[in-house]
Amino acid sequence: MVDLGMVRVASVVPRIKIGNPDYNADEIIRLLEEAEANGVGIALFPELTITGYTCADLFYQKKLYDAQLDAFAKILDATQDFLTAFILGIYVRIGARYYNCAAFCQAGQVKAIVPKKCRPSTKEFYESRWFASGTELSGKEIKIRLTASDGFDLGENIPVGDILIDLEGLIIGIEVCEDLWAPVTPGSLLALSGAEIIFNPSASNEIVSKKEYRESLVANASATQISGYVYASCGVGESTTDIVFSGDALIAENGSVI
């Protein structure tokens, strides 16, 4: 994956269908096959990739949650022999609460799960209705097991929380969407702890001048953290209500969008 101190990363925006994890899994697998063929080391997908971000109260439905895990199992099974590692947006039940998370996967296994800390709950966003804040899990040693409805084990003792991931000496970190907008971002703390690339699965909608502001945030984050920064936002398949998503995909390094 890491050759001469370099790694090839990709920001990937699938065209999904809201609330249709099985269809979305096929699209994700197709794009991962393309990433594998192109020698991508780490591929980043948007926030809540498998279900779609705008499922709203459908997130409460056990049927959707189980279908998501089944689709996740399908993706892991299809990528067991892939060299490309990837980050998918999923939501995870821990105890009685759901958390909006990013899962880091490699060779058919879930290596780590990072919960979103900052939940937007103003104007068109209402995340605190469905998801708890990952801040509640900070500083705790949490490990979970995920199992698909057919009994397929997605992983046992998967670590959850503020995790630095070591890939052949390359240290990466993950923050989720709104975390980038925080006064002190999780990515900043991860960079201080040694992360060289920060990945951000996001669901950022389009309003006037937001694209330029978003791009400057990503560039500035890579500058202040002296790192690479990879950002993938939901695409047009999410635009089923009065909110518009366009699939912004950004990769920045040391203050420049490359």
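**Questions on a sheet and its surroundings**

User: In which helix does Leu-189 lie?

Analyst: This is a predicted model, in which local features need pLDDT of at least 70 and side-chain atom pairs count only at pLDDT 80 or more, while totals for chains, interfaces and linings use all residues. Residues are numbered from 1 along each chain as its sequence is written, and side-chain values use heavy atoms, with hydrogens and water left out. Helices are DSSP runs of H or I with at least four residues, strands are runs of E with at least two, and both are numbered from the N terminus. On that basis Leu-189 belongs to residues 186-192, which is helix 3.

User: Is Ala-182 buried or exposed?

Analyst: Ala-182 sits in the loop between strand 9 (170-174) and helix 3. Buried means under 20% relative accessible area, exposed over 50%, and partly exposed in between (1.4 Å probe, protein chains only). Leu-189, with 47%, is therefore partly exposed, whereas Ala-182, with a relative accessible area of 15%, is buried.

User: In what order do the six strands form the open sheet?

Analyst: Two strands pair if DSSP finds at least two bridges between them. Strand 10 (residues 197-202) and strand 11 (residues 228-233) pair in the parallel sense over six bridges, and Phe-199 stands opposite Val-230 in strand 11. The pairing in the open sheet is mixed, and the order of its six strands is 8-9-10-11-12-13.
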